[in-house]
Amino acid sequence: MKKLGFGLMRLPKEQEQIAIERSAQMANRFLERGYTYFDTAYVYNGSEVAFRKAVAERHQRSEYLLANKLPVWCMKCAEDAQKIFDTSLERCGVDYFDYYMLHSITDDKVEDLYKYDCWNFCRKLKSEGKIRNFGISFHGSPQVLEQLLSDNTDLDFVQLQINYLDWDNGVIASGKCYEICRRHNKPIIIMEPVKGGTLASLKPEAAALLDDTRSPASYALRFVMGLEGVMMVLSGMSDEAQMEENLATFDAAEPLTEQEQDTLKKVANVLLDSPVVGCTACGYCVKGCPMEIPIPKIFSAYNREILSSDGKAKYNKVTENKNSASACIACGACETACPQHLPIVDTLKKASEIFE
Ligand code: SF4
Ligand code: SF4
């Protein structure tokens with residue numbers, strides 16, 4: 001199995017809607033080149049239906065592998081798991097998933113996973129042939145990961161956020177979580193290898209450290225593809241150029257040299273010197289915000305201001321018809337939803353001080 005997975009969270013859009021024909025052409029290109037793995041989720045807005053129209057209605061089921069996820073934060077009782085699963089199957093236009101995982105587990109979601117018996121629900125799906133592999137997508141602490149893998153030894157795989165910037169991060173702890181999965185002998189699927197695009201466009205001091213005949217994103221992908229035990233690397237490709245570049249990187253499958261590994265450590269140090277917000281633009285925070293604040297877009301403008309002092313125009317644009325950062329009432333709903341554990345309320349306050 002070729003190791004690049006097509007993440008469907010950031011499909012190309014036209015007038016705020018997923019562009020189905022462009023997505024279908026990208027999927028065709030991906031399949032033609034021998035890649036087969038697609039990753040969607042119940043909570044990725046419009047992604048499952050886009051998959052059905054762009055892929056499932058145009059290709060045989062045997063041509064592709066499809067991963068999907070159960071979001072415990074959308075459940076109010078144990079019975080909701082079946083409703084969510086059936087909805088996902090219907091939206092995707094398939095009758096089974098190759099990979100199914102408990103979605104975005106953070107430490108505070110673990111209690112609900114047991115309360116609603118999500119573990120046994122997925123085991124039942126597997127025994128019925130509705131899913132082929134059962135795993136978790138994990139954003140919590142190493143201690144909790146260790147506990148979950150010890151208590152659920154039958155998990156087929158673990159999906160982790162791994163990239164060279166988060167490797168030693170005290171909260172994301174990519175490196176420690178990776179080691180735990182290796183010790184438990186679990187195949188690893190990698191998400192956010194480019195940290196939501198952060199490692200694709202580096203600030204000039206960091207980019208200057210890299211060989212400019214290769215893109216910054218290709219270094220980030222080569223960092224993760226070379227790790228032992230990695231089964232798949234997901235990339236949320238949102239245009240054709242990105243896809244071509246990723247296909248070329250994975251076709252070449254060149255591991256990083258020792259010198260390149262050292263250089264990436266230096267790049268990480270330069271990046272860690274800037275107080276940018278580590279937002280991956282996943283959008284999980286937006287749905288529950290009572291003030292409908294465009295949080296990731298504001299953070300993108302904020303990062304631009306920090307890195308190149310030109311975020312104001314972007315900020316004005318993204319808040320044109322929306323509430324601005326100062327509308328935040330500090331209810332905390334967004335911070336509970338954020339898999340990156342970001343201090344959203346405080347950062348919005350800083351953004352409002354800079355921009356308003
Ligand atoms: S804390 Fe602020 S930004 Fe977060 S959900 Fe509440 S109102 Fe929205
Ligand atoms: S603030 Fe957190 S939840 Fe919101 S988009 Fe960024 S990473 Fe995702």
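Student: How do you know that the charged end of arginine 61 sits over the ring of tyrosine 96?

Tutor: A charge sits over a ring if NZ of Lys or CZ of Arg is within 6 Å of the ring centre and within 35 degrees of the ring normal. The charged end of arginine 61 is 3.9 Å from the centre of the ring of tyrosine 96 and is counted as sitting over it. Arginine 132 has its charged end over the ring of tyrosine 96 too, 3.8 Å from the centre.

Student: Where do these values come from?

Tutor: This is a predicted model, in which local features need pLDDT of at least 70 and side-chain atom pairs count only at pLDDT 80 or more, while totals for chains, interfaces and linings use all residues; side-chain values use heavy atoms, without hydrogens and water. Residues are numbered from 1 along each chain as its sequence is written, with chains lettered from A and ligands numbered from 1 in the order in which they are written.

Student: Why is the pair of tyrosine 37 and tyrosine 99 called tilted?

Tutor: Rings of Phe, Tyr and Trp (its six-membered ring) pair if their centres lie within 6.5 Å; planes under 30 degrees apart count as stacked, over 60 as edge-to-face and the rest as tilted. The structure holds 20 aromatic pairs. In the pair of tyrosine 37 and tyrosine 99 the centres are 5.3 Å apart and the planes at 55 degrees, so the pair is tilted.

Student: What makes the pair of phenylalanine 97 and tyrosine 100 stacked?

Tutor: Phenylalanine 97 and tyrosine 100 are 5.8 Å apart centre to centre, with 10 degrees between the planes, and planes under 30 degrees apart count as stacked. Both phenylalanine 97 and tyrosine 100 are buried (under 20% relative accessible area, with a 1.4 Å probe and protein chains only; exposed is over 50%, partly exposed in between).

Student: Which residues do ring pairs link into a cluster?

Tutor: The cluster consists of Phe6, Phe30, Tyr35, Phe38, Phe51 and Tyr64.

Student: What makes a residue part of the surroundings of ligand 1?

Tutor: One of its heavy atoms must lie within 4 Å of the molecule. Around ligand 1 there are 14 residues, the closest being Cys289, Cys328, Cys331, Gly332 and Cys334. By class, 13 are nonpolar, one is polar and none is charged. Here Ala, Val, Leu, Ile, Met, Phe, Trp, Tyr, Cys and Pro count as nonpolar, Asp, Glu, Lys and Arg as charged, and the others, Gly among them, as polar.

Student: Which residues come nearest to ligand 2?

Tutor: Of the 13 residues around ligand 2, Cys279, Cys282, Gly283, Cys285 and Cys338 come nearest. The shell around ligand 2 has 10 nonpolar, three polar and no charged residues.
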